[in-house]
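Dear colleague,

Please find the sequence and the model below, followed by my notes.

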Amino acid sequence: MRIDKYLKVSRIIKRRTVASDACSAGRVLVNDRKVKASYDVKVGDIIKIQFGQKTVAVEVLSLQETVKKEAAMDMYKEVEAD
């Protein structure tokens with residue numbers, strides 16, 4: 001699954017276009033490497049997203065095409081950002 005779609009489906013970022021723009025701006029890192037919106041996410045990847053001064057880091061637990069709002073948080077777990 002593409003990272004821009006994963007961020008939208010998991011509801012880390014509300015819109016896919018915003019997720020794509022964040023990737024283009026270099027604010028999304030996977031395993032400490034900047035990635036494009038087309039990057040293929042795998043279970044176990046550590047995604048770091050910079051929101052202004054705040055950095056959010058999550059570990060990918062599952063990949064699903066669609067998910068209900070209540071179950072979206074089960075797709076990842078927050079980890080400590082460096």
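This is a predicted model: local features need pLDDT of at least 70, side-chain atom pairs count only at pLDDT 80 or more; totals for chains, interfaces and linings use all residues.

The mean pLDDT of the protein is 93, and 99% of the residues score at least 70.

Five strands form an open sheet in the order 2-1-3-4-5, with antiparallel pairing. Strand 2 (33-34) and strand 5 (76-79) are at the edges; each has a single partner strand, so one side of each is left without a neighbour in the sheet.

Strand 3 (residues 46-51) is joined to strand 1 (residues 28-30) by three bridges in the antiparallel sense. Within this pairing, leucine 29 is opposite lysine 48 of strand 3. Strand 3 also runs antiparallel to strand 4 (residues 54-60), and six bridges join the two. Here glutamine 50 has threonine 55 in strand 4 as its bridge partner. Strand 3 and strand 4 form a hairpin with two residues between the strands, in which glycine 52 adopts a positive phi near 60°.

Turning to the loop, arginine 15 is found between helix 1 (3-9) and helix 2 (16-24). Arginine 15 counts as exposed because its relative accessibility is 54%, and the cut-off for exposed is over 50%. From arginine 15 to leucine 63, the separation is 48 residues in sequence and 17 Å in space, C-alpha to C-alpha.

With kind regards

Key:
Residues are numbered from 1 along each chain as its sequence is written. Side-chain values use heavy atoms; hydrogens and water are left out. Two strands pair if DSSP finds at least two bridges between them. Helices (H or I, at least four residues) and strands (E, at least two) are DSSP runs, numbered from the N terminus. Buried means under 20% relative accessible area, exposed over 50%, partly exposed in between (1.4 Å probe, protein chains only). pLDDT is the predictor's confidence in each residue, from 0 to 100.
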